[in-house]
Amino acid sequence: MPVSRKNVLLLKVVLLCLAGLLLYRIGSALFIGHNFHFTCHVIVIVALLSWLCATLYLWTEGEKPEAAAIRRNEAISLMGFSIILLALFVLAGQGRLLHGGEHWNTFPFLPGISVFSQSLLAVGLYLVPIWLIHLFLNIKIPLRASPLLPMVTMLVGTGLVLLYRLGPDIAIKSHKAGFTFLFWNQYISFLFSLIAFMVALLYLTPQRIERLTRFRYIYAFGSIVLICLTAVVGTEMHGRRLSINLGVMNFQSVELVKIMALFFMVSYFRFEGGFMERGRHLLGLPRGRYLAPYFIMWILVLLPIFLQKDLGPTALLFTLFLLLFYLGSGSGISALSGIIIMVAAGALSYSFGYPSMVRTRLDMWFEPFLYSQNIAESLWAAASGGWFGVGPGAGMAYKIPVVWSDFNFAAIVEEWGFFGALSVLVCFASLAYVSVRSAQRCNEPYLQLLGTGLGCLWLLQTMVIVGGNLALLPLTGITLPFISFGGSSLIMNFISLALIMQISSISMSKEVLTTLCEGKE
């Protein structure tokens, strides 16, 4: 039911008073030297729940029923995930202390505060921007797929919980104090990602998305130039140049290349897909004059990445090309041929030993306990998790090299167990499903391809990195979307989320308009 303006004003006054009291207590606890006590904890929880309940029912007067339902559903889901993340942060901090961990400072500007206070502050710093984004979406795109933001909130929160818990132990093990602030560094990247998300959401209107899908060859050549530029002036790490130093961060160019390659494929099939379907040979393959430009651009985009020995993105983009080719042309034989070519190329590369990384990665996959300490420790960590895990803060995943970026899933399995890991996978699968479903509801084929490609890109990345952590697939350098440490990956994933949000808004707006027209008739 609508809330009267007087009640809304009264509730706002109460919230302001509660927020002022909360800030006073936090200030006295952090800067005057008093410890948090039970009353302050109660105030924090009451303030959080009051804010969540208020957002459920404010601003319903004059609102469309569809938008009000979306807002309430999203707020209810966010409230549930907020409570789960609050528990995870507290359990991760206290669990580490109970199992003999040393006291640490997650925030470089607040030395000396208790671990419990740090847990509350960490979850508060994360959730406040999330709820502000929720309000921003209510204003800018009231019609949208309500599950998207809550699922992304849970995934990003999972990554921050892992960094909050693992950072101190990694710092002790490596004797590098900077790892203590892994959570804080990723949180800064998260704030930049939210800014990029809002800018993309405001810029990527339906008209601009339509215009952006016209420049097919610009995206292909832009990807080639960006990869080549990275190979020349990029920052060298482990013998490879995969990122460009932008001052505030090292940006991995392949994260942008993935989106540009997707736009190339969508744009190509938007203008050539019909010709490819009509002009077929007897075997069902499109004619060469329609097929050749696509595969030439495909090879030109993939070749520089392959020459840089960045095999993870190469395999990912190859699979995405095949998937989009099948969806855009309807040629199953062509997609099957591409899979056979990929397997044959991998076998030849392994046989001749070029590039050497192919043989190295496959040997690590075939015999992880002989050739790969990383995968071996990842498997031990996953095996020790059991059904319910060893408990937040109680695991030893920090011993896995590069656990913060490459082996997040092994840490999740160890501390949260099979059911915790399954919950994370369900979040990823639901995110991909909602993205594809929203895309398929659009009338324009290019929007269907774009939304499906973004959803499948998230799902493929998840499958590749999870398979690598569990030795089900060869290990690659691909990051786990929204969870792995890294600013460039997080920023590009949030820009992709903005695209999906707009696509879902387009599809739902047309559904509402169709319903209204049918009602008038």
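Q: What angle do H4 and H5 cross at?

A: Roughly 155 degrees, and the axes of H4 (residues 115-140) and H5 (residues 148-174) come within 12 Å. Those axes are lines fitted to C-alpha atoms, for helices over the stretch in contact, with angles from 0 to 180 degrees between N-to-C directions.

Q: Is that crossing left-handed or right-handed?

A: The crossing of H4 and H5 is right-handed.

Q: Which residues meet there?

A: On the H4 side they include Val115, Ala122, Tyr126, Ile130 and Leu137, and on the H5 side Leu149, Val156, Gly157 and Tyr164 are among them. Contact means heavy atoms within 4.5 Å. By class, the contact between H4 and H5 has eleven nonpolar, five polar and no charged residues. Nonpolar covers Ala, Val, Leu, Ile, Met, Phe, Trp, Tyr, Cys and Pro, charged covers Asp, Glu, Lys and Arg, and the others, Gly among them, are polar.

Q: Before I go on, where does the model come from?

A: It's a predicted model, where local features need pLDDT of at least 70 and side-chain atom pairs count only at pLDDT 80 or more, while totals for chains, interfaces and linings use all residues. Residues are numbered from 1 along each chain as its sequence is written, and side-chain values use heavy atoms, leaving out hydrogens and water.

Q: OK, new topic. How many salt bridges are there?

A: The structure holds seven salt bridges, each being a side-chain nitrogen of Lys or Arg within 4 Å of a carboxyl oxygen of Asp or Glu. One of them pairs Arg144 with Glu74, with the closest N and O atoms 2.6 Å apart. Arg144 sits in the loop between H4 and H5, and Glu74 is in helix H3 (residues 65-98), 70 residues apart.

Q: Are Arg144 and Glu74 buried or exposed?

A: Both Arg144 and Glu74 are buried. Buried means under 20% relative accessible area, exposed over 50%, and partly exposed in between (1.4 Å probe, protein chains only).

Q: What does Arg165 pair with?

A: Glu415, in a salt bridge of 2.4 Å, N to O. Arg165 is in H5 and Glu415 in helix H16 (residues 408-440), 250 residues apart. Arg165 is buried at 2% relative accessible area, and Glu415 is buried at 4%.

Q: And Glu210, what does that one meet?

A: Glu210 meets Arg270 in a salt bridge, 2.5 Å from N to O. Glu210 lies in helix H7 (residues 206-212) and Arg270 in helix H9 (residues 253-278), so the pair ties together parts 60 residues apart in sequence. Glu210 counts as buried at 18%, whereas Arg270 counts as partly exposed at 28%.

Q: Which residues are joined into one network?

A: Arg96, Arg165, Asp169 and Glu415, through salt bridges that share partners.

Q: And the whole chain, how many helices and strands?

A: The protein chain has 18 helices and three strands. Of its 521 residues, 53% count as buried.

Terms used. Helix = DSSP H or I, 4+ residues; strand = E, 2+ residues; numbered from the N terminus. Left-handed = near helix turned anticlockwise from the far one by under 90°.
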